[in-house]
Amino acid sequence: MVQKVAVIGAGISGLTSIKACLDEGLEPTCFESSHDIGGLWRFKDDPEPGRANIYFSVIINSSKERMAFSDFPPPAHFPNNMHHSEMLQYLRLYAQAFKLLQHIRFQTTVVSVKHRTDFAATGQWEVETENREGQRDTHVFDAVLVCTGHFTRPHLPLKDFPGIESFEGRYFHSWDYRNAEGLQGKRVVVIGIGSSGGDISVDISRVAEKVYLATRSGAWVVSRVGEGGLPVDMLGTSRKDLMLQKLFPSWSARMLEKKVNKVFDHGLYGLKPKHG
């Protein structure tokens, strides 16, 4: 008897999960609450509560050589670091090539997942769903894969900013950021030097009067492009490099730090973090 698997979400993890199930002879059914695949990589003109959002200028940090599906390389003409629109196109090509769309129920929200009363004997799950017309259905599955991502709810700790309630300017989370429209001529502080903070600071700096990037602990700033024009995440990954890192971790870390500081001295710019 073929085992039935519920896959919740049709983003990048949901799509690979559907394919993995098919490869193993299982029967997957994917429930996607929106009208389309892509999850995080599908740009939305307006942020949708409960779903991941990206800004218009997003380019993936990993090179296509490092992030590609092992059995489905991106088209050769795609750039090393793909724009989000190209990333979504790649996912569409993947879904089309392996006939995944026929296993997805769009605009269907999973309301609850729970053990069946005979779970101890059968290991089966009861999954309740609701479609866009409000109709609810209950399904039985042998397994459930949760592929809903972890960038769906913005964390905005306003209690850590005394006086924010009397601040007359705009304040918002990167989850709400689409582009620099409305920030022309403004003085802006971006809090956090992660990938989004760095990206958004650069994006806003093209139109703002002044942009400040505030970081609590500093960071190692690395370009997407490495020596010789190669993708930076393709450097230092040979068997020899990995062996040296394993045998001489402290020396390898010092050499890498020296190389990163050749681009600019992190200590000089007050960015050198405590971690290696």
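Start by selecting strand β1 (residues 4-8): 5 bridges join β1 to β2, and the two run parallel. Strands here are DSSP E runs of at least two residues, helices are H or I runs of at least four, and both are numbered from the N terminus. Two strands count as paired if DSSP finds at least two bridges between them.

Before moving on, a word on the model: it is predicted, so local features need pLDDT of at least 70 and side-chain atom pairs count only at pLDDT 80 or more, while totals for chains, interfaces and linings use all residues. Residues are numbered from 1 along each chain as its sequence is written, and side-chain values use heavy atoms, with hydrogens and water left out.

Now widen the selection to the whole sheet. It's an open one of 4 strands, ordered β3-β2-β1-β7, with parallel pairing. β3 and β7 (143-146) stand at the edges with a single partner strand each, so one side of each has no neighbour in the sheet.

Next, go to S63, in the loop between β2 (27-31) and α2 (64-67). Is S63 buried or exposed? Its relative accessibility is 1%, so S63 counts as buried; the cut-offs are under 20% for buried, over 50% for exposed and partly exposed in between, with a 1.4 Å probe and protein chains only. Show the side chain of D233 too: a polar contact of 2.7 Å joins it to the side chain of S63. (A polar contact is a pair of N or O atoms within 3.5 Å; within protein, one must be able to donate a hydrogen and the other to accept it, and residues adjacent in sequence count only if both atoms are side-chain atoms.) Leaving out residues up to four places away in sequence, S63 touches N80, N81, P231, D233 and M234, where contact means heavy atoms within 4.5 Å.

- K99 sits in the loop between α3 (84-97) and β3 (104-105). Its phi is near 55 degrees, a positive value in a residue other than glycine. At 56% relative accessibility, K99 counts as exposed.
- Q107 is in the loop between β3 and β4 (108-115). Phi of Q107 is near 50 degrees, again positive in a residue other than glycine. With 28% relative accessibility, Q107 counts as partly exposed.

Last stop: select V189, which is in strand β8 (residues 187-191).
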